[in-house]
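Me: I am new to this structure and should like to understand the terms used to describe it. Please set each term against its definition as we proceed.

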Amino acid sequence: MRSTFFLGIIAGVVATLALAWFAPFLNQERVRSITDVQNNGGRVERFEIRLPDDLLSSVPGIDRPDGVVVPASAEWYPELAPFYVHADVYRLRNEQGVVVGIASRVRGVQTRDDVEWVLDLPARGTLAMNGLSADIAEVGTIVSGTREFTELGGSWEARLDEDNVWRIDTVVQRLVGEDE
Amino acid sequence: MKFILTFFLGFIPAALLTLFALLANPIFDSSNELTLKSPGLSIPVAGTAVEPVVLGESGYHWMAPSPADTAPPDVHGMRSAFSVSLASIDGNTSVAYVVRMHAVSPEGKPLLGKMIDRSTWHAIIPKRGTFIIDANDNLWGFARRMMFTMLRGEIWRGDIEYVTTDGPVGAYARVRGITGTFAGQTGRAQMRKRVQEASMARGITRRETVIFVDIDETAPVAAEQANP
């Protein structure tokens, strides 16, 4: 009887340690990626931002060339002004409209026309992109990435359509020489 | 039957005691060493806004959003959150715009001292350039000290400070330059976080973070500021 009791103690300790080691902490849901492969290489993926609902935060800068109305919930903190660049944070959706991450867009750090986006997809990684903006049409290159997007480059285009949706098309490619 | 009862008389207390020992043990409480003090760029961030974004319909609920009047989402989903801050740098002569986008990582093992929060920081230093920081922060030290108070529904108050950076490159976060003087450069960073007040209902309500960045810079950008 005593040995059964001690066996129970040992089993209790071992079971708890096994639970601590093997049990998953949380199940982070990953939404299925919607990508196409280009004929000449590269993976195409489109993201969307639906304005004004997806605008989470905004630093208006000196002007608002895109004419977006900032909702009251996203009002900037006046004590932090003035700030010379135009910076927004958005919900980021995939092509089917499912929220898959957060996007940070900054315009005017160096010149009036420069723009950069950082797309953060928690289940996958981050894409950092820069380029040129002509208000509702933007184009540029993918300059850096993390996790799934590490060591990838490519290009991107974004446009703000008449239905007030930013559509961001990315083409990611393995950087030349990475396979060597 | 008697053997089964005897077995569980040993099993259940042993399991509970082991669980308590894992949760309360101070071995996992140690802060990482801060090695990036100077020279370099330090960015104090005093989290000004956090809003949850629901990314899925199953998963895990992290702490309530801050500020408290941010409406919680209706569905139980994994939350990704962000904060936006402006920080004075360079002896209050300049300001940095910093966006932090983060989510709790499934790779954590809280009972073994790992509660990993995975962050991407987007930092804009006007007249100099921009970079991103890819960081894993181990928040278990904070959680271990605060959770028993918070689980009782009370407000935790105190003063805890940790260097939380725990990867992805050893004990450092990875920095990648995007534009300006940081373009093409890589570096490393560490975060020091201080928490003074938190609750389950409102999340962390008094905190500050300082990011210590070690990244080379090229010559100053010649382009004229569009908005001087």
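Reply: Let us begin with a definition: two residues are in contact if their C-beta atoms, placed from the backbone, lie within 7 Å. Please note also that this is a predicted model.

Me: What covers the buried residues of α1(A)?

Reply: Their cover includes α1 (2-24) of chain B. The buried residues themselves are Gly8(A), Gly12(A) and Thr16(A).

Me: What puts these residues on the same side of α1(A)?

Reply: They cover an arc of only 60° around the axis, and therefore they lie on the same side of α1(A). In general, an α-helix has 3.6 residues a turn, so residues three or four places apart point the same way. The face turned away from the buried side of α1(A) carries exposed residues, including Arg2(A), Ile10(A), Trp21(A) and Phe22(A).

Me: How do you know that the span of helix α1 of chain A agrees with its number of residues?

Reply: The helix comprises 21 residues, 2-22, and at 1.5 Å a residue it should span 30 Å. Its end C-alpha atoms are 30 Å apart, so the two values agree.

Me: How many of the residues in each chain count as buried?

Reply: In chain A, buried residues make up 35% of the 180 residues. In chain B, 44% of the 228 residues count as buried.

Me: Which residues are buried in helix α2 of chain B, and what covers them?

Reply: In α2(B), residues 140-151, the buried residues are Trp140(B), Gly141(B), Phe142(B), Arg144(B) and Met146(B). Their cover includes α1, β6 (129-138), β7 (156-163) and β9 (186-199) of chain B. Just after α2(B), Gly153(B) takes a positive phi of about 85°.

Me: Why is a set of residues called a nonpolar core?

Reply: The name applies because its members are buried Ala, Val, Leu, Ile, Met, Phe, Trp, Tyr or Cys residues joined through C-beta atoms within 7 Å. The largest such core has 58 residues, of which Ala123(B), Ile124(B), Ile133(B) and Ala189(B) touch the most other members. Strand β4 (residues 94-104) of chain B gives the largest share of this core, five residues. Apart from it lies another core, of 12 residues, among them Leu139(B), Met146(B), Trp156(B) and Tyr162(B).

Me: Which residues does Ile124(B) touch beyond four places away in sequence?

Reply: In chain A, Ile124(B) touches Val85(A), Ala87(A), Val106(A) and Val109(A). In chain B, the residues touched are Ala96(B), Tyr97(B) and Thr130(B).

Me: Why is Glu157(A) called partly exposed?

Reply: A residue is buried at 20 or more other C-beta atoms within 10 Å, exposed at 12 or fewer, and partly exposed in between. Glu157(A) has 15 such atoms within 10 Å, and is therefore partly exposed. Its place is in strand β9 (residues 152-160) of chain A.

Me: What is Glu157(A) in contact with, leaving aside its neighbours within four places in sequence?

Reply: Glu157(A) is in contact with Glu138(A), Val139(A) and Asp169(A). From Val118(A), Glu157(A) is 39 residues apart in sequence and 14 Å apart in space, C-alpha to C-alpha.

Technical notes:
Residues are numbered from 1 along each chain as its sequence is written. Chains are lettered from A and ligands numbered from 1 in the order in which they are written. This is a predicted model: local features need pLDDT of at least 70, side-chain atom pairs count only at pLDDT 80 or more; totals for chains, interfaces and linings use all residues. Helices (H or I, at least four residues) and strands (E, at least two) are DSSP runs, numbered from the N terminus. The expected span of a helix is 1.5 Å times one less than its number of residues. The arc is that of the directions from the helix axis to the C-beta atoms.
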